[in-house]
Amino acid sequence: MRKRVFIGGLAAAAAVALAMVGMAISATKGATPLPASSCSGIQGPSSAQFIVASDLPLQGSSRSQTIEMTKAIAYEFKQAGYKAGKYTVAYQSCDDSTASAGKWDPAKCSANAGNYARDKSVIGVIATFNSGCAEIEVPITNRAGLQYVSPANTYIGLTHKPALPGEPNKYYPTGKRTYARVVAADDFQGAADVLQLQALHKKTVYILNDKEAYGFGVASAVKNVANGAKQLGVKVVGFDAWDPKASSYQDLATKIKNSGAQAVFLGGLECENGGKLIKDLRAGLGTGVLLEAPDGFSSFKDTIAHAGSASSGMYISIAGEPYQNLNAAGKKFAKDFGKTIGLAATKVNPYSNYGATAALVMLSAIAKSNGSRSSVSGGVYNQSFTNTPIGNFKLNGNGDTNAGVISIYHVKGNNAAFLKVISPSASLVALAKP
């Protein structure tokens, strides 16, 4: 069963937000900053007409990755001179995590969304990092007409064929789409992960998930592809959840061992006690059973640090191209941005490219708008974007990208080296959807 956060308790915030649908934001006064309790100070001119906020978890194990993403977003705003067409736009970085949770927090996501809806200066939001947080925020801000562009959410049900009843329409109570993402959804990643298992001659896989929206979604995508594409020869021998609060996974390892699985897929986030899970699985299964994980484990530094030597040999998938496969614009971004934070281009986290691209999409959409929240969406859907930090792509009417390339990395010792890219066929991707 998937842990879920229901929206019913958010009615008060939603009611306030509803009054703001389509509201044009005043261009005669400086923007009103979002609360310092959740957000950094405004980056940009004090006279800016609008604010674009980013909403990422800046505490916990993903901190190093998300902090770099905020710097990449800020870099693009500065490069644009804080201008979106004729509008002056400032940037604020907001945190949807808490120190006590060590990750995104449902109450914080709800509160942040309410703040964005109420602040008339906010014209768009670059968010979120975790799909579960998007499930909470998007219905609130949809009522306020606020467009979201996510650099990282991959849960299928947010945009297209549902994983659960009512999806995706329940996230858009006004009936108008206000959420898009520049990263490929988990139907692409799930298909690629099964193809990788086939390439490694693994005939049986035990699939785990961390009970979160993202983890359940990507785990389900892998299961659906394996079950639907029997010609690939990868059989699912178990589908189970791991308890992120467990002190030991030895019993789970024994259960997997008894299933005869040749591989285990870890559908979820590394911050959900992933390091301990990897250690216990490796101890209980030995080195002969392959461990495979999606981009919830893509903060390689944290995965390797928390799992230690047990992570060696793992395969990790990430949406998009590695640095060496990027086009000229992507490589230039990594080089130029890397210099500003003291990193070589090849060391820039791949999701910084996505954060920067989400910022460019948002700035482009605002430039095409008439200065109202409701008009920003017109510059997002069914639009093509070229020479971005992740290359060329198009967002369709659902807000999904047509760029479905998945990169595979192989952990060896203290490093995760790029191995190859996989571009799943449309027919295989279609199987990932329930």
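The model is a predicted one, in which local features need pLDDT of at least 70 and side-chain atom pairs count only at pLDDT 80 or more, while totals for chains, interfaces and linings use all residues. Residues are numbered from 1 along each chain as its sequence is written, and side-chain values use heavy atoms, with hydrogens and water left out.

**The disulfide**

The sulfur atoms of Cys 39 and Cys 94 are 2.1 Å apart, and theirs is one of two disulfides found in a search of the whole structure. Cys 39 sits in the loop between helix H1 (11-18) and strand S1 (50-56), whereas Cys 94 belongs to strand S3 (residues 87-95), so the pair ties together parts that are 55 residues apart in sequence. Helices (H or I, at least four residues) and strands (E, at least two) are DSSP runs, numbered from the N terminus.

**Backbone details**

Select Ala 127 and Thr 128 next, which are joined by a cis peptide bond with omega of about -5°; Thr 128 is in the loop between strand S6 (122-127) and helix H4 (131-142). Then move to Glu 167 and Pro 168, where a cis peptide bond also has omega of about -5°, with Pro 168 placed in the loop between strand S7 (147-150) and strand S8 (179-181). At His 201, look for a positive phi of about 65°, although this residue is not a glycine.

Now select H10 (residues 328-341) and H11, whose axes come within 11 Å and cross at roughly 105°. That makes H10 roughly perpendicular to H11, a term used for angles of 65 to 115 degrees, and the axes are lines fitted to C-alpha atoms over the stretch in contact, with angles running from 0 to 180 degrees between N-to-C directions. Gly 330, Phe 333 and Phe 337 in H10 meet Ser 352, Asn 353 and Ala 356 in H11, where contact means heavy atoms within 4.5 Å.

**The largest pocket**

H11 (350-368) also supplies at least two residues to the lining of the largest pocket, as does helix H2 (63-79). On a 1 Å grid over the protein atoms alone, a pocket is an open set of points with protein on both sides within 12 Å along at least five of seven lines, a cavity is a set where a 1.4 Å probe fits but cannot get out, and lining residues have an atom within 4 Å of a point. The pocket holds about 1,000 Å³ of space, a volume being the space filled by probe spheres set on the points. Of its 38 lining residues, Thr 346, Lys 347, Val 348, Asn 349 and Pro 350 lie nearest its centre.

**The largest cavity**

Finally, select Phe 129, Asn 130, Leu 269, Asp 295 and Gly 296, which lie nearest the centre of the largest cavity among its 22 lining residues. This cavity has a volume of about 250 Å³.

Conventions
Angles under 35 degrees count as roughly parallel, over 145 as roughly antiparallel, 65 to 115 as roughly perpendicular and the rest as oblique. A disulfide is a pair of cysteine sulfur atoms within 2.5 Å.
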